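This report describes selected features of one protein chain. Please keep the sequence and the structure in view while reading.

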Amino acid sequence: MEVLDVIMKRRTIRKFKSKTIPEEAVIQIIKAGQRAPSACSLQTYSIIWVKDEEKRRALWEACGKQPFILEAPVTLTICADVKKLIDIMNARGYQTSLEMGLGYAVKMFAIIDAALAAENMVLAAEALGLGSVFIGSALANPKVIEILNIPKGVLPISLLCIGYPDENPPIRPRLPLETVLFIDSYKQLSKTELEKSVNYMNEKLAEEGYYTKYSKRSTDFKWIDNVKRKLISDEKREKVFVKTLKDQGFHPFEPVK
Ligand SMILES: Cc1cc2nc3c(=O)[nH]c(=O)nc-3n(C[C@H](O)[C@H](O)[C@H](O)COP(=O)(O)O)c2cc1C
């Protein structure tokens, strides 16, 4: 498939066949991940391929028991990783700024690097006739960290579950281009433009019956309700999240040691 075809036709798959993926295909996908651009070529990420069934089950429990986590034959945990570079430098007798609580840009680049590698893997999987879904609840998830023995300096950012698609969903809508692409300077969108975007997203996802199909929501649950849900903060969760960022050394000024 042409690259643009792969990109434009990809959609998240949440139902997988119980067919195993050849090991070489998974390695090819991970190598494709490694081909992604990387800030200063520091390559600050690691990928944990979780093969052990007990651990896969534990991840499923830790990440909200979404059924496709267990269904998908391949589970990858994508991590931002500044530890490897610290280890490389320490072995040369250097102390790094990261160990002194500095280097926040390196930590942010690590998250960007990991995300770029992750998307390359998604596209490689698609090109091989596979489907995939990210599991965002793995982000800074203390249970995931414990299950996979993830040390300080390493932050899980997402699971990527890959398998042979057992559903054929439509391409999902995106915000209208004019609300995303601005020329020469940032554009403050008008209330009307913003409302048009909301209506478009609401309508298109309702056409698929998206929230009913995947989240068992009533038919009147819309994209905007999802946005609302995600933007209301849960103080207790937020505290755990920030503590985990600190524990893993990904909070600004937190020494990675
Ligand atoms: C960081 C990230 C986390 C995600 N987490 C989940 C998840 O936990 N469960 C899920 O079903 N989909 C998850 N998704 C998939 C998104 O819901 C999906 O990409 C979005 O609705 C757009 O649909 P599309 O990928 O089919 O175009 C995640 C996507 C990203 C980028």
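## A buried cysteine in a strand

Two residues are in contact if their C-beta atoms, placed from the backbone, lie within 7 Å. The model discussed here is predicted. Under this definition, and leaving aside neighbours within four places in sequence, Cys79 is in contact with Tyr45, Ser46, Ile48, Ala114, Ile150, Val154, Leu155, Pro156 and Ile157.

Cys79 belongs to strand β2, which covers residues 74-81. Is Cys79 buried or exposed? A residue counts as buried if 20 or more other C-beta atoms lie within 10 Å of its own. Cys79 is buried, because it has 26 C-beta neighbours inside 10 Å. One of its contacts, Ser46, is 33 residues away from Cys79 along the chain, yet the C-alpha atoms of the two residues are separated by 5.2 Å.

## The surroundings of the ligand

Which residues surround the ligand? The shell consists of Arg11, Thr12, Arg14, Gln66, Val133, Phe134, Ile135, Gly136, Ser137, Ser158 and Arg172. Strand β3, residues 131-135, provides the largest share of this shell, with three residues.

Sorted by class, the shell contains five polar residues, three nonpolar residues and three charged residues.

## Positive phi angles

Most residues other than glycine have a negative phi. Cys40 is not a glycine, yet its phi is positive, at about 55°. Cys40 lies in the loop between α2 (23-34) and β1 (45-49).

Asn149 is exposed because 8 other C-beta atoms lie within 10 Å.

## A helix and the glycine after it

Helix α11 has 13 residues, numbered 235-247. From its first C-alpha to its last, helix α11 reaches 18 Å, close to the 18 Å expected at 1.5 Å a residue. Just after α11 comes Gly249, with a positive phi of about 80°.

## Domains of the chain

How does the domain assignment divide the chain? The assignment gives domain 1 as residues 3-169 and domain 2 as residues 177-221. Taken over C-alpha atoms, the centres of domain 1 and domain 2 are separated by 28 Å.

Conventions
Residues numbered from 1 in each chain as written. Predicted model: local features only at pLDDT ≥ 70, side-chain atom pairs only at ≥ 80, totals over all residues. Near = placed C-beta within 6 Å. Helix = DSSP H or I, 4+ residues; strand = E, 2+ residues; numbered from the N terminus. Nonpolar A, V, L, I, M, F, W, Y, C, P; charged D, E, K, R; others polar. Buried ≥ 20, exposed ≤ 12 C-beta atoms within 10 Å, placed from the backbone. Domains from an automatic or database assignment. Expected span 1.5 Å × (residues − 1).
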